[in-house]
Amino acid sequence: MRRSADVVVIGSGAAGLSAALGLAATRNVLVVSAGSGSTPWAQGGIAAAYGDDDPLDHAHDTEIAGAGFCDPRTVRALVEEGPQRLAELIALGARFDRDSDGSLSRTLEGGHDRHRVVHAGGDASGAEVHRALHQAVQLAGVRTVTGRAVGLIKSGFGQIAGVLVEEDADVSQIDARAVVLATGGIGNAYLASTNPSTVRGDGIALALQAGASLVDMEFVQFHPTALFTGDSTGQLPLVTEAVRGEGAVLRDVAGRRIMTDVHPRADLAPRDIVARAIESTMRRDGCEHVWLDARSIPEDTIRRRFPTVLASCRRIGVDMLSEPIPVAPAEHFLCGGIRTNRDGATDVPGLYAVGEAAGGGVHGANRLASNSLLEGLVFGRRVATALTLDLPAASYGQPSWLTLGEDREPDRIRAILTEHAGIRRDGAGLQTALDELESAGDGPLATVARTVVAAAITREDSRGCHWRSDHPRTDERWNRHLVIRLDEEGRPAVRQLLQSAAT
Ligand SMILES: Cc1cc2nc3c(=O)[nH]c(=O)nc-3n(C[C@H](O)[C@H](O)[C@H](O)COP(=O)(O)OP(=O)(O)OC[C@H]3O[C@@H](n4cnc5c(N)ncnc54)[C@H](O)[C@@H]3O)c2cc1C
């Protein structure tokens, strides 16, 4: 079967659905999705500065969390356009939690200097965002194909001309003038992640193969508090940072506070700092987890604000109302990704990227909590606006098919990345990872793993969520982004870039 569309959006998370919705009235748009990604799992909410809050303060916190490595103009677009996108989401029917006076409830999360995060269903924000967007996209009549994008079609003139989709073991072709990769992060490349299994870096591998650049791939964020279930593989339940926002504190096995002497914001320090402190504590004490003590939070607040966390804890036999919660860091979010400009354009004509798959410079070296649903809404709309104004011309010339390989040993790849490119890294371990990945084939997980390791071994300093124990300080000589493309032999070639990360 051969189909066509003006624009194919790959992925049905916050970013992909926002892009599709923004295009529905003006373009023939089609969404290809392998299932739901991270969006419905998001707990804490959406950061948005409005009313008595100032978008510039939000920008400031974003840049501090990003360790001075964000692109200021991209951040500005995020914080200034964010409240408008949130209002539109509410107009679409998204129901956010409200205080007794009817105003939106806003909570505090790590790295924010004030209560700025709106939430839904207590800690089920992503599910509500996803529900509202999905319904709106359906009402707008956008076509959806359930399947996995396994290749891109490129014209003889180097322009993207369509997508190859695997549906029920058959591969079909969809011709398009533009393709938007909204495929999320790379959680499935690690043994344990908060992301579901659909989030495996396919879009990043597709972009790289098509000749696009990646940027900031070394900045992989580990969430400090995934629930320790005893089985540290696959998707782990999250204990949202908002639990700390409401007063929970981290303790070591002896019950001592972990964060008080580490950072002025203590348990609400930026995520990278909290994750490192937990990792060091676990290493020091030889433990597989630490404790998150939420017993100071009133019971009715926990029941109202954290029903998802309460239920996850119950499933492993922990009553968070009366007992501390066992938690450990887990892979959570890719701060870098496919290099784009502020409208999602990559350096390959006709190829766009948005959301967690994209590296447009919003997050710098470390994402600020609750900035990524917002990123999907804001930049999803921006890519739609760009493609409404200007659709790339139809492409000519003999097309070529660029298909993804297969990962024959996915668990081996995950184990290598987890061991050597986790929270704590060093040159020797990263070299071992590179060597071991040599024989891992050219499937998407192997490709993504190589790019993370190639960037991490090149960056000989520590900043944001990239922590090299052999180069533990931030070194100003490394005030540069790392851009990766495939060389002629199909290996990641790392280039250093002094200017902003965005194209
Ligand atoms: C547990 C958890 C809690 C979080 N909490 C928050 C929070 O409170 N606030 C916040 O801002 N962020 C939060 N995040 C992060 C945020 O949810 C994600 O960064 C964001 O939802 C990513 O949206 P996205 O649209 O880019 O990708 P995703 O929502 O991950 O969607 C990716 C889509 O791409 C599809 N896909 C992937 N590969 C292919 C392929 N080859 N072919 C077809 N389809 C493909 C997937 O099926 C999916 O539909 C959380 C994340 C997790 C996992």
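Q: How far is the side chain of serine 370 from a nitrogen atom of the ligand?
A: An N or O atom in the serine 370 side chain is 3.5 Å from that ligand nitrogen, a polar contact being a pair of N or O atoms within 3.5 Å. This is a predicted model, where local features need pLDDT of at least 70 and side-chain atom pairs count only at pLDDT 80 or more, while totals for chains, interfaces and linings use all residues. Residues are numbered from 1 along each chain as its sequence is written, and side-chain values use heavy atoms, with hydrogens and water left out.

Q: What does the backbone of leucine 373 do with the ligand?
A: One of its N or O atoms lies 2.8 Å from a ligand oxygen atom.

Q: And how much of the ligand does the protein bury?
A: The protein buries 98% of the 990 Å² that the ligand exposes when taken alone (Shrake-Rupley areas, 1.4 Å probe).

Q: How many residues surround the ligand?
A: There are 39, and the closest are Gly35, Thr39, Gly44, Asp202 and Glu356; a residue counts if one of its heavy atoms lies within 4 Å.

Q: Different topic. How do helix 12 and helix 13 pack?
A: Helix 12 (residues 427–437) and helix 13 (residues 444–458) pack at about 150 degrees with axes 10 Å apart. Axes are lines fitted to C-alpha atoms over the stretch in contact, and angles run from 0 to 180 degrees between N-to-C directions. Helices are DSSP runs of H or I with at least four residues.

Q: Parallel or antiparallel?
A: That angle makes helix 12 roughly antiparallel to helix 13, the term for angles over 145 degrees.

Conventions: Polar contact = N/O pair within 3.5 Å; in protein donor to acceptor, adjacent residues only side chain to side chain. Helix = DSSP H or I, 4+ residues; strand = E, 2+ residues; numbered from the N terminus. Parallel < 35°, antiparallel > 145°, perpendicular 65-115°, else oblique.
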